[in-house]
Amino acid sequence: MEVEEEEVIDKLDIDIYTDENDSEENRTERPPVVTIMGHVDHGKTPFLTRSAILK
């Protein structure tokens, strides 16, 4: 098991990654991003295939 050191961010860090025009009226609604993670051959492909067929 790996343990990572906690990273503390301050207001300056947040200001670097935010845009002045980042407001509710400027945002576009998008579908959520879903990631299927797991080891090889543990059923992900059949699950995704069945999900695509049922769509």
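This briefing describes the fold, surface and selected residues of one protein chain. The model is predicted. The chain has 55 residues, and 0% of them count as buried. Its secondary structure consists of two helices and zero strands. The radius of gyration is 19 Å, well over the 10 Å given by the globule rule for 55 residues, so the chain is more spread out than a compact globule.

**Overall dimensions and surface**
- The C-alpha trace spans about 45 × 40 × 10 Å along its principal axes.
- The accessible surface of the chain amounts to about 6400 Å², and carbon and sulfur atoms contribute 53% of that area.

- The chain carries 6 positive and 15 negative charges.
- A distance of 15 Å separates the mean position of the positive charges from that of the negative charges.

- A nonpolar surface patch is formed by Val34, Ile36, Phe47 and Leu48, which together have about 380 Å² of accessible area.
- Leu48, one of the patch residues, belongs to helix 2, which covers residues 44-54.

- Arg30 is located in the loop that runs between helix 1 (11-17) and helix 2.
- With a relative accessibility of 70%, over the 50% cut-off, Arg30 is classed as exposed.
- Val3 and Arg30 are 27 residues apart in sequence, and their C-alpha atoms are 33 Å apart in space.

Methods: Residues numbered from 1 in each chain as written. Predicted model: local features only at pLDDT ≥ 70, side-chain atom pairs only at ≥ 80, totals over all residues. Heavy atoms only, no water. Patch = residues over 30% accessible without salt bridge, like charges linked within 9 Å, V, L, I, M, F, W, Y side chains within 5 Å. Areas by Shrake-Rupley, 256 points an atom, 1.4 Å probe, with all protein chains shown as cover. Salt bridge = Lys/Arg side-chain N within 4 Å of Asp/Glu carboxyl O. Helix = DSSP H or I, 4+ residues; strand = E, 2+ residues; numbered from the N terminus. Buried < 20%, exposed > 50% of the residue type's maximum accessible area, 1.4 Å probe, protein only. Rg over C-alpha atoms; globule rule 2.2 N^0.38 Å. Lys, Arg positive; Asp, Glu negative; His and termini not counted. Charge placed at Lys NZ, Arg CZ, Asp CG, Glu CD.
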